[in-house]
Amino acid sequence: MESPIRKIIHIDMDAFYASVEQRDHPELRGKPLAVGGSRQRGVVAAASYEARQFGVRSAMASSIAIRKCPELLFVKPRFEVYKAVSAQIRAIFADFTDLIEPLSLDEAYLDVTHSLNEGLTATQLAQTIKDQIKSETSLTASAGVSYNKFLAKLASDYRKPDGLFVIKPHQGLAFVETLKVGQFHGIGRVTAERMNQLGIFTGLDLRAQSEAFLSRHFGKVGKHYYGIARAIDERPVTPNRIRKSIGAETTFEQDLHTYPELVSSLQPLIEKVWSYCERSGVLGKTVTLKLKYADFNQITRSRSLPGWVSEKAILEQMTLGLLDSVIPLSQGVRLLGVSLSNLQEKDTPTNGQLTLDL
């Protein structure tokens, strides 16, 4: 007996942090808004749609965001409020299915193949969930509906904000082949550029490659690329998914050569990693620094602690300590990355937390 075609919904809240702030502060509505720090080394955690029209994006340095939008308003993040609203939204999901895989505070996959609400199609369920979120939180969500996670994620991005888009089983292959590879969830700018260099520009180009070719050029993830180019994604929706690490990296248009340049460029990466820790309520023990040199050779340096990295200042101290270990530079640096691993939720009992004087 064949398994039923899966019915997956991806829910993504629209400009979540910024929308919560505009909901709670009517004077901010309709104005370009950034959640984050406005200081020189601040980072945008979220941008309202009004700000996005000027090119302001999350993870952008605040100094760049202000240049793009001089009238940009900054508000400090209130992660406890965002977590409380996220809990409201997850409670809504639980009315429809037990198979919920949160990706962050503002998005999740739902497997509604065997929904708790019999008689409704997956599309009707998605609309009902959107309506209930709007009714209970006064916020909008976008939803994507399809037969696997990859396509559902693509679909939720297709008609933002407040959108609902469905990719049916007979539409998957045609939908994927027209996309640029940079539009694929999980293919970032650097990987897209590498694919372009190999003559791979669209989903159709990607589908033309063998699994061996993709594995040779992209390692283990090549098998995943081979599948999604054919609109195949067998990953299940996994409740209580445990993330193994948190990371942020950036590739520079011009190679970096000096220590101050490196320190300055690490600050937004440290900010981004720590912001995720605060949003998701996790702590880690192992900090890793990644450098890719101008000749594309890559090195990593890691340090683990017996206790938790419980403050951003500790994460910064450890990261800069790892940087010190590779100074002086043998050549220019084209990429920097920071990651935190050995993760655990804050509420889980621990053997104590480290402080800066240990």
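Two rings of Phe, Tyr or Trp (its six-membered ring) pair if their centres lie within 6.5 Å; planes under 30 degrees apart count as stacked, over 60 as edge-to-face and the rest as tilted. Keep in mind that this is a predicted model, where local features need pLDDT of at least 70 and side-chain atom pairs count only at pLDDT 80 or more, while totals for chains, interfaces and linings use all residues. Residues are numbered from 1 along each chain as its sequence is written, and side-chain values use heavy atoms, leaving out hydrogens and water.

By the ring rule, the count comes to ten aromatic pairs. Take Phe 150 and Phe 184, a tilted pair at 5.5 Å centre to centre with 55° between the planes. This pair links distant parts of the chain, 34 residues apart: Phe 150 belongs to helix H6 (residues 149–158), and Phe 184 sits in the loop between helix H7 (172–177) and helix H8 (189–197). Helices (H or I, at least four residues) and strands (E, at least two) are DSSP runs, numbered from the N terminus.

Phe 165 is in strand S8 (residues 164–166) and Phe 175 in helix H7, ten residues apart. Both Phe 165 and Phe 175 are buried.

The charged end of Arg 230 sits over the ring of Tyr 226, 3.6 Å from its centre, and that of Arg 52 sits over Tyr 49 at 4.5 Å. (The rule: NZ of Lys or CZ of Arg is within 6 Å of the ring centre and within 35 degrees of the ring normal.)

On a 1 Å grid over the protein atoms alone, a cavity is a set of points where a 1.4 Å probe fits but cannot get out, and lining residues have an atom within 4 Å of a point. There is one cavity of 30 Å³ or more, and the largest cavity has a volume of about 40 Å³, meaning the space filled by probe spheres set on the points. Helix H4 gives the most to its lining, with four residues.

Terms used
Buried < 20%, exposed > 50% of the residue type's maximum accessible area, 1.4 Å probe, protein only. 1 Å grid on protein atoms, 1.4 Å probe; cavity = no way out; pocket = protein on both sides within 12 Å on 5 of 7 lines; lining within 4 Å.
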